[in-house]
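User: I would like to learn how to read a model like this one, feature by feature. Please show me the structure and start with a single residue.

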Amino acid sequence: MNQLPVNKIILTSFAFALTHWKKIVEVSILPLLLLLPLLSLSAEIIELMDIFKKENTVKLEDVQVSSNIFIYSLLSLYGLASLSINIYRLVIFGTQSVSWVPIFKLRQIVGFIGLTFLINLATSLPMLLANLMWMHFVVSFFLIPISLNFINIATDQPLKFKWGIGVITQINLFFLQVVLPLLSVMAVNFLISSIGLPSAISLVVKVIIFYWTLISLALCYQLIATTNTSEKTL
């Protein structure tokens, strides 16, 4: 049984973002501010590396990394986790459940970052060990139901590792969360390189996809949870 109608989820996700854009902006301000130090430092390092490559006067190893990079990275992780949790709660519980006030629940933040690290590590190992891109997608496909636990963490629910979803539902979830975002970014980058569009468009598209992916995952969670509950009551 298909629990995830792809077209409806795509349209509903954009409709949700448009109708709740003020709240999304509100909960995004502080997390984005926490990202600025790391983004600024990264931009400086990339610029220096480009200069060194062109002039060929200084080795890349000579690039000095700020001693604050660890702190900046922690702030960025906290900001991204806090923003993601708020977006998930906004979709599941509504506007009254979130605000601009930062999330101080250590269990939520650590759980969210920990799950992100484990999923990224598992999906990246095939590329790191054997440079097998296709294995990355295979592992991602089998792990994609585990990503539903991000909403469980955001809503203070226990983690689940068996979701009881069908193959078609899992394929659709994989398409919505992995394939579609990747294809969208690739298409935009192709247009930028071939037509000569401003490179800033790529950043804007990536930001839109980031928010859309969060919203669509929460909507998928709702549909799967509702269907599973209905089947249990029958």
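Analyst: Start with Ser84, which lies in helix H3 (residues 69-93). Helices here are DSSP runs of H or I with at least four residues, strands are E runs of at least two, and both are numbered from the N terminus. This is a predicted model: local features need pLDDT of at least 70, side-chain atom pairs count only at pLDDT 80 or more, and totals for chains, interfaces and linings use all residues. Residues are numbered from 1 along each chain as its sequence is written, and side-chain values use heavy atoms, with hydrogens and water left out.

User: Is Ser84 buried or exposed?

Analyst: Take the cut-offs before the case. Buried means under 20% relative accessible area, exposed means over 50%, and partly exposed is in between (1.4 Å probe, protein chains only). Ser84 has 4% relative accessibility, so this residue counts as buried.

User: Which residues does Ser84 touch?

Analyst: Contact means heavy atoms within 4.5 Å. Leaving out residues up to four places away in sequence, Ser84 touches Phe112, Phe210 and Leu214.

User: How do I read a helix pair?

Analyst: Two packed helices are described by the angle between their axes and the distance between the axes. Axes are lines fitted to C-alpha atoms, for helices over the stretch in contact, and angles run from 0 to 180 degrees between N-to-C directions. Angles under 35 degrees count as roughly parallel, over 145 as roughly antiparallel, 65 to 115 as roughly perpendicular, and the rest as oblique.

User: At what angle do H1 and H7 pack?

Analyst: Helix H1 (residues 6-19) and helix H7 (residues 167-195) pack at about 50°, with axes 10 Å apart. They are therefore oblique to each other. For handedness, ask how the near helix is turned from the far one by less than a right angle: anticlockwise is left-handed, clockwise right-handed. H1 passes H7 in a right-handed crossing. Val6, Ile9 and Ile10 in H1 meet Asn172, Phe175, Leu176 and Leu180 in H7. This contact has 6 nonpolar residues, 1 polar and no charged. The classes are: Ala, Val, Leu, Ile, Met, Phe, Trp, Tyr, Cys and Pro nonpolar; Asp, Glu, Lys and Arg charged; the others, Gly among them, polar.

User: How does H5 pass H7?

Analyst: Helix H5 (residues 133-143) and H7 pack at about 135°, with axes 9 Å apart. H5 and H7 are therefore oblique to each other. The crossing of H5 past H7 is right-handed. H5 contributes Phe137, Ser140, Phe141 and Phe142; H7 contributes Gln170, Ile171, Phe174, Val178 and Leu182. By class, this contact holds 7 nonpolar, 2 polar and no charged residues.

User: What is phi at Asp156?

Analyst: Most residues other than glycine have a negative phi. Asp156 has a positive phi, near 60°. Asp156 sits in the loop between helix H6 (149-154) and H7. At 45% relative accessibility, Asp156 counts as partly exposed.

User: Where does Lys160 lie?

Analyst: Lys160 lies in the loop between H6 and H7. Its relative accessible area is 32%, so Lys160 is partly exposed. Lys160 touches Asn149 and Asn152, not counting residues up to four places away in sequence. The C-alpha atoms of Lys160 and Pro145 are separated by 9.3 Å, with the two residues 15 apart along the chain.
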